[in-house]
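Please consult the sequence and the structure shown below.

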Amino acid sequence: MMIKENYEKILSKIKESCQRSQRSVDDVLLLAVSKTHSADLINECLSVGVQAYGENKIQEAEQKNPLIHRDGKQFHFIGHLQSNKINKLLALSPDLIHSIDSLSTAEKLNQALIRLDRVQDILIEVNTSGEVSKNGIDPVALDNFVIALSALSHIHIKGLMTIGTLTEDRVEIRRCFRQLRDLFEGIKAKQINHCEMKYLSMGMSGDFDIAIEEGSHIIRVGSLLFGHRDYT
Ligand SMILES: *Cc1c(COP(=O)(O)O)cnc(C)c1O
């Protein structure tokens with residue numbers, strides 16, 4: 001029950017943000033970030049209308065995915081990808097990988113895709129917060145990274161993802177999202193082969209309203225939908 005109510009609250013917030021920024025609600029995908037939550041809860045969430053769910057740990061997704069009624073719904077991988085987990089991730093058939101930020105990992109991913117005769121949609125994760133502890137490509141290195149990645153035959157670049165600064169400062173959060181949007185538009189204008197700038201993945205429970213105003217197409221919402229996470 002709780003999930004349905006939370007979902008409806010989120011939908012009305014999405015609608016308000018879209019109205020404020022004169023965007024269509026159809027251009028924003030709500031990705032339910034289901035890490036730490038059970039397959040039952042994920043199924044409940046998909047049954048009330050959520051179209052996509054995302055996990056950040058491959059082992060956790062391996063355990064839960066067989067129990068999920070995926071029919072037509074999307075599964076996204078949003079965590080850091082280690083090269084030794086590539087085959088396990090591909091076995092889960094993710095519709096989108098949000099978090100590519102290493103050329104050597106991307107090359108190994110491409111090799112695995114060639115062997116499977118499959119292509120994979122990915123986003124490039126960008127570090128807009130400037131925090132060294134964060135994953136993601138440094139914005140100054142992004143152009144070269146995109147060009148190198150676009151040479152990989154079985155990887156389809158579909159856009160950019162960021163986490164942004166974890167702060168209460170809404171001005172700083174907006175700055176991160178605006179920076180990602182600017183980078184996105186800059187790459188789009190270059191018209192690089194095999195590189196489509198279609199999706200901006202930005203915004204989480206506390207800041208997706210700002211992200212939508214700044215042009216986000218995929219908001220990644222966990223706690224607002226499922227409640228607080230218990231890692232114990
Ligand atoms: C956990 C997580 C989220 C969701 O965070 P909430 O604040 O619970 O909405 C979004 N994106 C990534 C990459 C995450 O790991």
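How do the residues of the lining of the largest pocket divide into nonpolar, polar and charged? The lining comprises seven nonpolar, eight polar and five charged residues, where Ala, Val, Leu, Ile, Met, Phe, Trp, Tyr, Cys and Pro count as nonpolar, Asp, Glu, Lys and Arg as charged, and the others, Gly among them, as polar. The model is predicted: local features need pLDDT of at least 70 and side-chain atom pairs pLDDT 80 or more, while totals for chains, interfaces and linings use all residues. Residues are numbered from 1 along each chain, and side-chain values use heavy atoms, without hydrogens and water.

**Pocket**
- The largest pocket has a volume of about 420 Å³.
- Among its 20 lining residues, K35, N56, I163, M204 and R220 are the closest to the pocket centre.
- The ligand takes up the space of this largest pocket.

**Ligand shell**
- Around the ligand are V33, K35, I78, I163, M204, S205, R220, V221, G222, S223 and R229 (a heavy atom within 4 Å).
- This shell has five nonpolar, three polar and three charged residues.

**Polar contacts (N or O pairs within 3.5 Å)**
- The S205 side chain places an N or O atom 2.6 Å from a ligand oxygen atom.
- A polar side-chain atom of R220 is 2.9 Å from a ligand nitrogen atom.
- A polar backbone atom of G222 lies 2.8 Å from a ligand oxygen atom.

Conventions. Polar contact = N/O pair within 3.5 Å; in protein donor to acceptor, adjacent residues only side chain to side chain. 1 Å grid on protein atoms, 1.4 Å probe; cavity = no way out; pocket = protein on both sides within 12 Å on 5 of 7 lines; lining within 4 Å. Sits in = over half its atoms within 2 Å of the grid points. Points joined across faces, edges and corners; volume = space filled by probe spheres on them.
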